[in-house]
Amino acid sequence: MDLNNQNSGAAETILDGSRFVRACLRKPVDRTPVWFLRQAGRYMQEYREVRKHHTLVEICKDPKLAAEVTITAAEKLGVDAAIIFADLLLPLEPMGLDFEFQAGEGPVVHHPVRTAEDVRALRIDRASELGYVARAIEKVAAHFRDRLGIIGFCGAPYTLASYMIEGGGSRNYIETKKLMYGNSTAWGSLLDKLVVVLTEYCSQQVQAGADVIQIFDSWVGSLSLSDYRAYAFEASKRLVRAVQAMGVPVIYFGVETAGLLDQMAQTGADVIGLDWRQPLDEGWRAVGHGRAVQGNLDPITLFAPPDVLEQRVKEILRAANGRPGHIFNLGHGIVPQTPVENVQAVVRMVREFRLEDARG
Ligand code: CP3
């Protein structure tokens with residue numbers, strides 16, 4: 001998107017899409033942009049209809065369906081950005097690891113990576129097989145043009161490595177940390193391989209029209225600061241820089257990261273995602289005001305009565321205090337039982353919020 005070419009007539013019109021990208025770059029905006037982690041998902045009737053006829057992976061691999069699900073969710077909510085419908089684990093397949101989503105259990109990787117030999121066997125030459133995600137982005141970009149920001153995404157090396165090693169979700173990351181502490185050569189090689197594949201994957205997405213890339217380091221909060229520095233930071237930083245070199249801003253997101261924010265910001269990411277466990281202004285101070293932040297409503301607040309929900313939304317907007325570089329979002333993804341009208345209500349609240357009124 002050409003940010004220098006928005007002057008149509010006398011008044012500069014800040015289009016919705018550019019509003020989101022401008023906030024990522026800490027440029028002034030007419031109002032705070034808003035979108036939601038997992039905005040397309042099972043809480044939405046339209047998505048459940050599609051899921052009746054297709055598995056999650058089928059939707060991801062069919063550019064027409066993936067684009068439709070992405071577009072429907074963004075339009076129904078009236079948000080400023082559309083995140084492409086895909087899944088974090090898709091790159092595992094071309095690397096040689098088969099997985100499936102088992103009902104109620106989440107993802108299962110059939111032959112998890114446990115040894116140096118397993119790491120050696122991983123392939124890095126087949127990222128082109130992920131082209132279906134880029135094809136879906138092309139369709140979404142053709143639909144929205146510059147009306148909405150289009151977000152591509154991938155997992156961060158640490159978080160993806162944890163899925164590859166644990167074979168699925170985990171509570172204590174025992175196998176991951178056993179490899180990390182016990183065989184730093186194999187660990188380093190695993191993260192290197194992930195960076196190669198993810199860089200090419202992101203490049204496909206940017207070429208297809210993604211305006212911004214979000215890197216999900218969802219489970220990085222399982223690491224101490226020392227271990228984050230020693231075992232995860234460097235690979236994340238390389239990925240962030242490689243994506244920025246493609247000419248788009250990067251959002252770097254994790255959960256339970258209060259103790260890691262300063263170090264996460266040192267990856268150089270343009271935007272740091274904040275969870276809800278600390279107030280937004282404290283999180284932003286830890287990140288440093290030289291970067292933008294995204295967040296940070298507790299997704300379960302969407303089950304609260306309207307007045308409580310409104311208080312929490314306003315609290316976040318007041319904490320941002322009109323400073324350029326805030327993107328309103330949740331601190332983590334929307335959960336399946338969430339009432340869709342409450343998500344729409346949050347969009348209205350953010351749209352209508354005026355800092356002057358809130359200061360009263
Ligand atoms: O609207 C969007 O946000 C885009 C779609 C999206 C999905 N997965 C689709 C999906 C995105 C951005 C993801 C990312 C993702 N996938 C993450 C990072 C985000 C986060 O939550 O931190 C992670 C950890 C995954 C891995 C994953 N995918 C898990 C653990 C699960 C099972 C959990 C569950 O809710 O069942 C999935 C499945 C999944 N990916 C669903 C969706 C809509 C729900 C399952 C379904 O539709 O069958």
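**Note on the ligand site and the fold**

1. The ligand sits in the largest pocket. A pocket here is an open set of points on a 1 Å grid over the protein atoms alone, with protein on both sides within 12 Å along at least five of seven lines. A molecule counts as sitting in one if more than half of its atoms lie within 2 Å of its grid points.

2. This is a predicted model, in which local features need pLDDT of at least 70 and side-chain atom pairs count only at pLDDT 80 or more, while totals for chains, interfaces and linings use all residues. Residues are numbered from 1 along each chain as its sequence is written, and side-chain values use heavy atoms, with hydrogens and water left out.

3. The ligand is surrounded by 23 residues, each with a heavy atom within 4 Å of it. Arg42, Tyr47, Arg51, Asp87 and Ser218 are the closest. By class, 14 residues of this shell are nonpolar, five are polar and four are charged; Tyr is counted as nonpolar, Asp and Arg as charged, and Gly as polar. Helix 2 (45-53) and strand 3 (106-109) each contribute at least two shell residues. Helices (H or I, at least four residues) and strands (E, at least two) are DSSP runs, numbered from the N terminus.

4. Polar contacts are pairs of N or O atoms within 3.5 Å. A polar side-chain atom of histidine 332 is 2.7 Å from a ligand oxygen, and a polar backbone atom of alanine 40 is 2.9 Å from an oxygen atom of the ligand. The protein buries 88% of the 860 Å² that the ligand exposes when taken alone, by the Shrake-Rupley method with a 1.4 Å probe.

5. The protein chain has 15 helices and nine strands. Its radius of gyration is 20 Å, close to the 21 Å that the globule rule gives for 360 residues, so the chain is as compact as a globular protein of that length. The radius is taken over C-alpha atoms, and the rule is 2.2 Å times the number of residues to the power 0.38.

6. Two backbone details remain. The peptide bond from glycine 295 to asparagine 296 is cis, with omega near -5°; asparagine 296 is in strand 8 (residues 292-297). Arginine 145, although not a glycine, has a positive phi of about 50°.

Conventions. A polar contact is a pair of N or O atoms within 3.5 Å; within protein, one must be able to donate a hydrogen and the other to accept it, and residues adjacent in sequence count only if both atoms are side-chain atoms. On a 1 Å grid over the protein atoms alone, a cavity is a set of points where a 1.4 Å probe fits but cannot get out, and a pocket is an open set with protein on both sides within 12 Å along at least five of seven lines; lining residues have an atom within 4 Å of a point.
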